[in-house]
Amino acid sequence: MNAAGIPLDKRQTFALRVDTTLDALDQVLTWFESFRSRQRDGVLNAGIPDPIWAECQLALAEGFTNAVRHAHRALPESTPIDIELLLMPQGLELRIWDQGQEFDLEGFARNVSDPTSPNANLESEGGRGILLMKALSTHLSYSRQADGRNCLVIGKRFDDPGSRPRLSVPGLGEQTTA
């Protein structure tokens with residue numbers, strides 16, 4: 001078993017389909033909550049480690065709301081958004097399928113101003129969610145599929161050092177804990 005309690009030879013896939021409405025975000029987050037590591041009766045059940053789960057929850061919420069607000073903005077609420085979680089021994093992938101127009105994620109991300117940059121345009125209203133998803137994931141991609149849908153893939157490795165809890169110590173800056 002790996003650190004998340006997933007057998008080393010096991011891949012597990014879980015799926016959810018919701019309508020195109022921001023009201024469905026609660027359903028999406030409730031579904032994802034069930035994959036969080038938990039202690040029950042003193043035993044840790046298999047699931048996603050808490051720091052990684054929190055980062056992926058935020059990336060999932062951002063990816064889902066982008067699908068509703070941007071990809072499906074001109075589509076009926078009944079247009080489904082499919083979400084899939086693939087749990088693997090070394091990490092996970094969240095996949096969000098939309099039926100909107102094709103979108104160049106990499107090109108857009110290159111043109112979005114980093115809000116921490118001294119030259120950042122903080123008045124800009126868009127694009128920060130993509131930067132956030134990139135910062136929270138080990139891998140982020142968006143591509144047109146053969147069936148005409150688009151798929152946002154948010155990948156996260158369980159051993160990603162960015163997921164370790166951080167401790168800020170005056171005079172020493174931010175330190176990663178083991």
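Strands β6 (residues 139-144) and β7 pair in the antiparallel sense, with six bridges between them. This is a predicted model. One of the facing pairs is S143 and C151, the latter in β7. The two strands form a hairpin, and five residues lie between them. In that turn, G148 has a positive phi of about 90 degrees.

**The sheet**

Strand β5 (residues 91-98) runs antiparallel to β7, and eight bridges join the two. G91 has R157 of β7 as its bridge partner. Further along, I96 stands opposite L152 in β7. How many of the eight residues of β7 (residues 150-157) are buried? Seven are, so the strand counts as mostly covered, as buried means under 20% relative accessible area.

Now step back to the whole sheet. Five strands form an open sheet, in the order β1-β4-β5-β7-β6. Their pairing is antiparallel. Which strands stand at the edges? They are β1 and β6. Each has a single partner strand, so one side of each lacks a neighbour in the sheet. From one strand to the next, the twist averages 15 degrees. Strands of a sheet pair through backbone hydrogen bonds, in parallel or antiparallel fashion.

**Helices on the sheet**

Helix α1 packs on the sheet and touches β1, β4 (80-88) and β5. The direction of α1 makes about 165 degrees with that of β1. Helix α2 (residues 50-71) lies across β1, β4, β5, β6 and β7. α2 runs at about 10 degrees to β5.

**A loop residue**

Look next at the loop between β1 (12-19) and α1 (25-33), where T21 is found. Is T21 buried or exposed? T21 has a relative accessible area of 16%, so it is buried. Leaving aside residues up to four places away in sequence, T21 touches F64, V68 and E77.

**Aromatic pairs**

A search of the whole structure finds five aromatic pairs. Two of them are listed here.

| Pair | Geometry | Centre to centre | Angle between planes |
|---|---|---|---|
| W31 and F35 | edge-to-face | 5.3 Å | 75 degrees |
| F103 and Y142 | edge-to-face | 5.8 Å | 80 degrees |

Where do the members of the F103 and Y142 pair lie? F103 is in the loop between β5 and α3 (105-111), and Y142 is in strand β6. The pair therefore ties together parts that are 39 residues apart in sequence. F103 has a relative accessible area of 34%, so it is partly exposed. Y142 counts as buried because its relative accessibility is 17%.

In the other pair of the table, both W31 and F35 are buried. These two residues also belong to one aromatic cluster, together with F14, F32 and W53.

**Putting it together**

α1 touches β1, β4 and β5, while α2 lies across β1, β4, β5, β6 and β7.

Notes. Residues are numbered from 1 along each chain as its sequence is written. This is a predicted model: local features need pLDDT of at least 70, side-chain atom pairs count only at pLDDT 80 or more; totals for chains, interfaces and linings use all residues. Side-chain values use heavy atoms; hydrogens and water are left out. Helices (H or I, at least four residues) and strands (E, at least two) are DSSP runs, numbered from the N terminus. Buried means under 20% relative accessible area, exposed over 50%, partly exposed in between (1.4 Å probe, protein chains only). Contact means heavy atoms within 4.5 Å. Two strands pair if DSSP finds at least two bridges between them. Rings of Phe, Tyr and Trp (its six-membered ring) pair if their centres lie within 6.5 Å; planes under 30 degrees apart count as stacked, over 60 as edge-to-face and the rest as tilted. Axes are lines fitted to C-alpha atoms, for helices over the stretch in contact, and angles run from 0 to 180 degrees between N-to-C directions.
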